[in-house]
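Let's begin with a term, then go from the whole chain down to single residues.

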Amino acid sequence: MTEYILSGISLSLDAPADEAVAVAAKKLRRAGVRAEHISIYRRSVDARNKNDIKLVYAVRFSIGGTLKKEICTKLGLGIAASDKLEIKKGAQVLAARPHVVGMGPCGLFAALLLAEHGYRPVLLERGGDVESRVKAVENFYTSGMLDENCNIQFGAGGAGTFSDGKLVTRISDSRCAYVLSKLHELGAPKEILTNAKPHIGTDILRKVVDNAASRIVSLGGEIMYNTSFLGFGEVKGGVRKLYTSRGDMAASVTVLAIGHSARDTYEMLLSRGTEIEAKDFSVGFRIEHLKEDIDAALYGSFAGHKELPYAEYNLSYNTKSRGVYTFCMCPGGEVVAGASERGALCVNGMSRFARDGKNSNSAVCVSVFRSDYGGGAREAIEFQRSLERAAFTAGGGDYSAPVSSVGRFLGSGGECGRVVPTYMGGKVKEADLKELLPDELCATLSAGLIDFGRKIKGFDAPHAMLSGVETRTSAPLRILRGNNLTMIGEDDIYPGGEGAGYAGGITSAAVDGIKIAEEIIGKYKPFE
């Protein structure tokens with residue numbers, strides 16, 4: 001049997017999903033295709049015409065054998081991606097258990113795949129499990145005491161645990177279907193399998209992470225929370241010594257899924273002479289609007305329709321030299337504190353599955369080039385740090401976020417009030433955000449905000465609120481690796497995910513972790 005995808009079935013908002021299946025079946029019959037097992041594959045919203053918003057479906061179907069090329073071309077058919085992995089095990093013997101450093105999406109999926117195939121991985125996480133991590137974040141919000149190892153950046157699930165749980169990705173990899181299927185198996189809502197813009201929400205994602213952890217342990221794996229990775233020794237007899245805050249450990253292979261905020265690990269690797277290159281990244285602010293305003297701007301009179309999700313946007317603007325774009329849009333969400341170092345402040349966005357908050361927010365970021373900070377890996381990290389320290393000071397030195405109305409930032413005037421900042425329950429301080437970024441970056445951001453206001457009515461409204469600074473959009477460097485995914489010069493260490501510079505979001509980081517686990521499985525036999 002071969003599975004195909006038939007796309008472009010456009011229906012009214014009130015049409016039932018079953019109608020999409022019926023339309024597809026009729027279209028296939030007319031083309032002489034005897035389809036079986038027709039089901040909804042993807043559901044999206046076409047809101048380009050606010051007077052006639054449509055739901056657009058793609059359906060999956062199967063046939064015995066394969067279709068002729070001309071039929072596929074005529075109907076615009078594609079091959080459905082499989083949610084199964086083809087795993088082949090190697091023959092080399094592991095002298096010690098594989099270790100995975102970091103429990104974000106990359107490390108979690110690498111460890112899970114290894115555990116499911118009998119490799120009994122040891123997973124090291126500098127932060128705590130989900131429950132203790134939530135308590136640490138709540139304590140930080142109430143007391144202002146930051147735990148530098150257990151916070152919104154570090155702990156079970158990585159930075160994504162305190163996010164929108166957005167699963168949209170730009171990569172084209174068949175493993176994406178496997179990731180969605182596995183997340184659903186672990187407790188994510190069924191909608192992620194069919195929605196064009198799937199998300200889990202921080203509330204449900206926490207349960208998914210817990211379930212993944214339990215499965216790893218039940219399959220013979222081990223998770224060591226509150227365990228920092230400090231470095232590693234040389235390989236002797238197929239075993240490398242790992243230095244951790246809990247003492248030395250012996251590993252045959254090591255996955256470095258350290259996350260984009262593990263600056264101490266970056267420094268350790270740089271000090272060892274590891275081949276690491278700085279890269280371009282972006283910085284900016286979080287912008288907040290009333291959710292109802294964004295819905296009205298994007299859906300018009302259809303805003304509030306029961307079949308429409310809360311409105312999302314994805315905007316970009318380019319000057320001759322730089323780009324501005326929105327990132328990690330959280331409908332009905334809140335702005336959260338992403339700090340992982342004392343005396344430094346950065347922001348991020350988070351929402352629950354219901355997306356039932358009053359405000360919608362997203363990052364508005366501008367390109368940062370290597371020439372802006374000196375071009376080196378250490379300079380890249382220091383550039384981020386300098387912005388975060390400035391934001392901490394501008395907020396009053398107690399982790400309050402510096403905020404400004406868009407009107408004030410653009411110099412057109414505008415009072416705060418209509419949009420109430422959500423950061424840490426309103427722990428904010430009005431400030432001149434133009435003092436936090438270099439002049440050229442601020443000028444480009446201003447031009448971007450004005451352009452976005454042309455695209456979405458009210459985006460640059462004077463009362464919209466900005467909070468700063470957003471600095472952790474991606475890793476500022478890349479740990480170089482070869483074709484076998486191992487670190488240059490070290491054939492048993494596998495850097496991966498966002499922290500190594502090879503992913504940008506939950507799904508792509510998970511895919512990278514799967515690819516690494518496949519490499520290990522394809523080379524070695526399960527550990528005995």
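## Ground rules

Contact here means heavy atoms within 4.5 Å. This is a predicted model, so local features need pLDDT of at least 70 and side-chain atom pairs count only at pLDDT 80 or more, while totals for chains, interfaces and linings use all residues. Residues are numbered from 1 along each chain as its sequence is written, and side-chain values use heavy atoms, with hydrogens and water left out.

## The whole chain

The chain has 13 helices and 23 strands; these are DSSP runs numbered from the N terminus (helices: H or I, at least four residues; strands: E, at least two). The C-alpha atoms fill a box of roughly 70 × 65 × 45 Å along the principal axes. For 528 residues, a compact globule would have a radius of gyration near 24 Å, and the chain's 24 Å agrees. That radius is taken over C-alpha atoms, and the globule rule is 2.2 Å times the number of residues to the power 0.38. Among contacts between residues at least 6 apart in sequence, 74% join residues at least 24 apart.

As for burial, 55% of the 528 residues count as buried. Buried means under 20% relative accessible area, exposed means over 50%, and partly exposed is in between (1.4 Å probe, protein chains only). The accessible surface comes to about 21,800 Å², with 48% of it belonging to carbon and sulfur atoms; the areas come from the Shrake-Rupley method with a 1.4 Å probe, and for residues only the protein chains shown count as cover.

In soluble globular proteins, nonpolar side chains tend to be buried together. A nonpolar core, as used here, is a set of buried Ala, Val, Leu, Ile, Met, Phe, Trp, Tyr and Cys residues joined through side-chain atoms within 4.5 Å. Which residues touch the most other members of the largest nonpolar core? Out of its 70 residues, they are Leu6, Phe61, Val283, Ile287, Tyr313, Tyr423 and Phe459. Apart from that core lies another, of 57 residues, with Ala110, Leu205, Ala257 and Val511 among them.

Take phenylalanine 61 and set aside its neighbours within four places in sequence: its contacts include Thr2, Tyr4, Leu6, Leu28, Val33, Ile38, Leu67 and Leu77. Val33 turns up again with isoleucine 71, which touches Ala31 and Val33 once neighbours within four places are left aside. Isoleucine 71 sits in helix H2 (residues 69–75) and is partly exposed, at a relative accessible area of 22%.

Helix H7 (residues 263–272) has Arg263, Thr265, Tyr266, Met268, Leu269 and Leu270 buried. They pack against strands E8 (229–236), E11 (254–256), E12 (276–278) and E22 (477–479), plus helix H10 (377–394).

In helix H8 (residues 291–299), the buried residues are Lys291, Ile294, Asp295, Ala297, Leu298 and Tyr299. Their cover includes strands E2 (36–46), E13 (281–290), E15 (323–330) and E18 (359–368). Just after H8, glycine 300 takes a positive phi of about 60°.

Tyrosine 399 has phi near 70° and lies in the loop between H10 and strand E19 (401–405); at 7% relative accessibility, it counts as buried. Leucine 485 also has a positive phi of about 70°. Its place is the loop between E22 and strand E23 (493–495), and at 11% relative accessibility leucine 485 counts as buried.

Then there's a cis peptide bond, from glycine 468 to valine 469, with omega near -5°. Valine 469 is found in strand E21 (residues 465–470).

## Charged residues, inside and out

Is aspartate 451 buried or exposed? With 12% relative accessibility, it counts as buried. This residue is in helix H12 (residues 439–455) and, leaving aside neighbours within four places, is in contact with Ser316 and Tyr317.

Arginine 48, by contrast, is exposed, with a relative accessible area of 74%. Look for arginine 48 in the loop between E2 and strand E3 (54–63). Its C-alpha atom is separated by 40 Å from that of glycine 155, 107 residues away along the chain.
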